[in-house]
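Here is a friendly walk through one protein model, written for reading beside the sequence and the 3D view. Please keep both open as you go.

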Amino acid sequence: MPTLLQFPFTGNWLARNSPARKVPSHGTWLGGSGYAIDFIGLDSRDRLAPWGFASTFFTEPNEKFPGFGREIVAPCDGVIEQVYSKAHDHVARRSQFHLVGYMLSQKRRFREGGVRAITGNMVMIKTLHDEYVSLMHLQHDSVAVAVGQHVAVGDVLGKCGNTGNSTQPHVHIQVTDSPDLLHANAVEMAFYSADRLVPWMPGENEKFFAGTTRLG
């Protein structure tokens, strides 16, 4: 049975790298990311950041993206197991010219910075069932919790950012059976939603509204 979570935000969002499309969702089981999913913030009209000349040829400022700086909240009850908050947000890269070089530098960045070069700023919650929910790529200087702190669904953890292995502001969420991400196994998850009777996993490129009602 999958781990059941609330969405870690409110508002309009888009799903990317959904395990509803393929597993492993991020193309690898490494880091416990096999069932992970990414969420990109949309504006009130369900639109991504507008695409323009800079999007095609250059980097872009994070402030252009609707999700940047949105509050990220606890998707479950538990205890804070890990936090990291030292990474700075880097510019967004949607241009294919900049994406290629960034992707080719992943191994080097991992060698130099370890797992935090991938996660960026993050919060890990140990659930009541001894599983570990990680939320990654949070905004610099936004992490609002500390190790050992008890949290409940809806408590603010930080803000959506563009840190770590990220090409535009978004939040990555995954569940693992261990806090050691280098050796952890991925755990399936599903989300409660106020407009659905059963937990579900958003499909690839699915747009949806995440409310604030707690179910279950």
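The report below goes from the overall fold to the cores, the surface, the backbone and the salt bridges.

## About the model

This is a predicted model, in which local features need pLDDT of at least 70, side-chain atom pairs count only at pLDDT 80 or more, and totals for chains, interfaces and linings use all residues. Residues are numbered from 1 along each chain as its sequence is written, and side-chain values use heavy atoms, with hydrogens and water left out.

## Overall fold

Of the 216 residues, 49% count as buried (buried is under 20% relative accessible area, exposed over 50%, partly exposed in between, with a 1.4 Å probe and protein chains only). Among contacts (heavy atoms within 4.5 Å) between residues at least 6 apart in sequence, 73% join residues at least 24 apart.

## Nonpolar cores

In soluble globular proteins, nonpolar side chains tend to be buried together. A nonpolar core here is a set of buried Ala, Val, Leu, Ile, Met, Phe, Trp, Tyr and Cys residues joined through side-chain atoms within 4.5 Å. The largest one has 30 residues, and Phe9, Phe39, Ile125, Ile173 and Phe191 have the most contacts inside it. Strands that each supply at least two of its residues include E2 (11–16), E6 (121–127) and E10 (171–176). A second, separate core of five residues includes Met122, Met124, Tyr132 and Leu181.

Leaving aside residues up to four places away in sequence, Phe9 touches Phe39, Ile72, Val171 and Phe208, among others.

## A nonpolar surface patch

Phe53, Phe57 and Phe58 make a nonpolar surface patch of about 330 Å². Patch residues have over 30% relative accessible area and no salt bridge; nonpolar side chains (Val, Leu, Ile, Met, Phe, Trp, Tyr) are joined within 5 Å, and like charges within 9 Å. Areas come from the Shrake-Rupley method with a 1.4 Å probe, and for residues only the protein chains shown count as cover. Phe57 is placed in helix H1 (residues 53–57) and is partly exposed, at 37% relative accessible area.

## Backbone details

Val23 and Pro24 are joined by a cis peptide bond, with omega about 5°; Pro24 lies in the loop between E2 and E3. Asp141 is not a glycine, yet has a positive phi of about 60°. Asp141 is exposed, with a relative accessible area of 67%.

## Salt bridges

The whole structure holds six salt bridges, each a side-chain nitrogen of Lys or Arg within 4 Å of a carboxyl oxygen of Asp or Glu. In one of them, the closest N and O atoms of Glu204 and Arg21 are 3.4 Å apart. This pair links distant parts of the chain, 183 residues apart.

Lys64 and Glu60 also meet in a salt bridge (2.5 Å, N to O). Lys64 is partly exposed at 27% relative accessibility, whereas Glu60 is buried at 1%. Glu60, Lys64 and Arg94 are linked in a network of salt bridges.

How values were computed. Helices (H or I, at least four residues) and strands (E, at least two) are DSSP runs, numbered from the N terminus.
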